[in-house]
Amino acid sequence: MGLYQRWRRFQLPGLQACGLHTAAVPTPPHWLVERLGLFEELWAAQAKRLASVAQKEHRTIKISLPGGQKVEAVAWNTTPYQLARQISSTLADTAVAAQVNGEPYDLERPLETDSDLRFLTFDSTEGKAVSFLLEIQWLLN
């Protein structure tokens, strides 16, 4: 289901209590429909590219976590979020981004090579900076 269809079906909990759950979702402006269509097209192309790379390059990589713990993962398949879930559901819920080999990294981006991985939460300075940058990026788009 595309983003536009999901957007139209969007329901907020608690709206039933105030009677707003019956309100119709207005048709979005044409520029938003265009942008969502472009996003879905680019998303599908990227997913296809990642799937083809993952099929070609199915190899085990080693991930070093803080504290010296080492974990094995599958290149182009395992994401930092999946590793965070293995460690702790609380860590997965509080992490805003990852740091892979010292560089900021999205939690849903698949790991490619052997890496040093650190999870950034809002409690850290880096986590706050990443959250701020993501919010600015969201506002500009």
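How do the residues of the lining of the largest pocket divide into nonpolar, polar and charged? I find 6 nonpolar, 2 polar and 5 charged residues in that lining, where Ala, Val, Leu, Ile, Met, Phe, Trp, Tyr, Cys and Pro count as nonpolar, Asp, Glu, Lys and Arg as charged, and the others, Gly among them, as polar.

I note that this is a predicted model, in which local features need pLDDT of at least 70 and side-chain atom pairs pLDDT 80 or more, while totals for chains, interfaces and linings use all residues. Residues are numbered from 1 along each chain as its sequence is written, and side-chain values use heavy atoms, with hydrogens and water left out.

Pocket entry. Of its 13 lining residues, Trp43, Gln46, Asp106, Glu108 and Arg109 lie nearest the centre, and helix α3 (residues 30–56) gives the largest share of the lining, 6 residues.

Fold entry. I read 6 helices and 5 strands in the protein chain, these being DSSP runs (H or I, at least four residues; E, at least two) numbered from the N terminus.

Surface entry. Phe132 lies in helix α6 (residues 125–140), and I list Phe132 as exposed because its relative accessibility is 53%, the cut-off being over 50% with a 1.4 Å probe and protein chains only.

Technical notes: 1 Å grid on protein atoms, 1.4 Å probe; cavity = no way out; pocket = protein on both sides within 12 Å on 5 of 7 lines; lining within 4 Å. Buried < 20%, exposed > 50% of the residue type's maximum accessible area, 1.4 Å probe, protein only.
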